[in-house]
Amino acid sequence: MGDFTVPKYRYPAQFEGRERELLKRIEEVLLRGGYVLGEEVAEFETRLAAYLGTGHAIGVNSGTDALILTLDALGVGPGDEVVTVANTFHATAQAVARRGAVPVYVDCRDDDFLMDLDQLPAAFTERTRAVILVHMFGRAADVPRAREICRDAGVPLVEDCAQAIGARSAGVRVGTVSAAGCWSFAPSKNLAAAGDAGAVSTGDEELAERLRLLRHFGQPAQNQHEILGYNSRLDTLQALVLLHKLDRLDAWNAARAEVAAAYHARLAHLPLRFQAPGAAPDEHVYHLFQVRAASESVRDGLLAHLVASGVDAVVRYPVPLHRQPALSSGGRGNRSGGFPVAEELARQTLCLPVRPDLDEAELGHVCEAVERYFR
Ligand SMILES: Cc1ncc(COP(=O)(O)O)c(C=O)c1O
């Protein structure tokens, strides 16, 4: 028991048994060239768009860049406001601030930890240029309702899908029916590259074309710079890794959901709450498994106990964005005067390890450690 540990990530597990196949293709590319926007990038984009069920996927070099380029393509710039949720990962707000715009926050809901859409209309002003809905921890937010609110306000809806590849909202994959879905394939994600990688999905041909220009210095052809762009392309080698894994994504997501179901069942008798999983099983792909304690001191005690027991538990995210100096916009993003739910989640939640390859012994170890703390 003493040395048994349960890591939150075990990246090599995703290659086990099929390493040779991938290494052969990597070797081919290394010896052939075509490292930048090689044919495998286009192949991955086609396969990703088909998997999602949308018209276009544009590979970029990170999830953060997917957001920045999307906001740029939508014309968001200095003086504009972009509304998002207060409990998101910092990159959502960094992308807004990077465009010179102000991130305006809406509190999240107490049950599913997602943007409280009832509060969304009150966040709009004449300067609002976009909404970024975030599918937190792998749980799909209510895309149809967000779309309706944004359509009524005449504001484009963008989805930050970094944590939720494969999840569905009202039966439809996230990132497919809004203006754009922004994806991260960073190593911790459900679909992971071997380094930084990202993509934007969209059904809008014109937006897709603009994003292709933006990621490649704004040049439709070499030495021809139509618009100011970025150097943000998905590497060919990363596209190979993603192609190698894409077929297994649904099976891995199903395995994550089994781990989550076991946590729900085995921890139900303890004084803990969980992120509401949604009405249909396909609404959550369990990028992270959030557990909520009754107070900050219980959470902190549980965290210390788990870490001492070899369980790689972690707090995501301990400081809400409106309290981060770089992201608070001097309080301008705090239109509602406070975000009590986001603040409480920051104090009360922690994540238990969830991986597709988490086995019964690990599951038992985590659950016993949690139970021991409350005994
Ligand atoms: C919700 C969310 N948005 C954006 C990002 C940024 O993605 P990346 O790390 O690929 O830049 C991440 C993850 O890192 C994320 O979890």
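I started with the lining of the largest cavity, whose residues split into 10 nonpolar, 3 polar and 8 charged. For the classes I counted Ala, Val, Leu, Ile, Met, Phe, Trp, Tyr, Cys and Pro as nonpolar, Asp, Glu, Lys and Arg as charged, and the others, Gly among them, as polar.

Ground rules: this is a predicted model, where local features need pLDDT of at least 70 and side-chain atom pairs pLDDT 80 or more, while totals for chains, interfaces and linings use all residues. Residues are numbered from 1 along each chain as its sequence is written, and side-chain values use heavy atoms, without hydrogens and water.

**Cavities**

I found 2 cavities of 30 Å³ or more in the structure. The largest cavity has a volume of about 180 Å³. Of its 21 lining residues, K8, Y9, R256, V354 and R355 come closest to the centre. My terms: on a 1 Å grid over the protein atoms alone, a 1.4 Å probe fits in a cavity but cannot get out, a pocket is an open set with protein on both sides within 12 Å along at least five of seven lines, and lining residues have an atom within 4 Å of a point. Volume is the space filled by probe spheres set on the points, which are joined across faces, edges and corners.

**The largest pocket**

I then turned to the largest pocket, at about 220 Å³. Among its 20 lining residues, F89, A91, A162, S184 and K189 are closest to the centre. Helices α3 and α4 and strand β8 (180–184) each give two or more residues to this lining. Here the classes come to 9 nonpolar, 8 polar and 3 charged. I took elements as DSSP runs numbered from the N terminus: helices H or I with at least four residues, strands E with at least two.

**K189**

Next I followed K189, which sits in the loop between β8 and β9 (198–202). Is K189 buried or exposed? K189 counts as buried because its relative accessibility is 13%; the cut-offs are under 20% for buried and over 50% for exposed, partly exposed in between, with a 1.4 Å probe and protein chains only. Leaving out residues up to four places away in sequence, K189 touches A162, S184, R256 and H287, where contact means heavy atoms within 4.5 Å. I also checked R355: its C-alpha lies 10 Å from that of K189, though the two are 166 residues apart along the chain.

**Helix α4 and its cover**

I listed the contact of α3 with α4: T64, L67, I68 and L71 in α3 meet A91, T92, A95, V96 and R98 in α4. That contact holds 6 nonpolar, 2 polar and 1 charged residues. In α4, I noted A91, T92, A93, A95 and V96 as buried. Their cover includes α3 and the strands β2 (81–85), β3 (102–106), β4 (128–134) and β5 (157–160). Just after α4, G100 has a positive phi of about 80 degrees.

- I found a positive phi of about 65 degrees at F137, which is not a glycine. F137 is in the loop between β4 and α5 (143–153) and counts as buried because its relative accessible area is 3%.
- I saw a positive phi again at Y286, about 45 degrees, also not a glycine. Y286 lies between β10 (273–274) and β11 (289–292), in the loop, and is buried at 8% relative accessible area.
- I noted a cis peptide bond between R316 and Y317, with omega about 5 degrees. Y317 belongs to the loop between α9 (296–308) and α10 (340–348).
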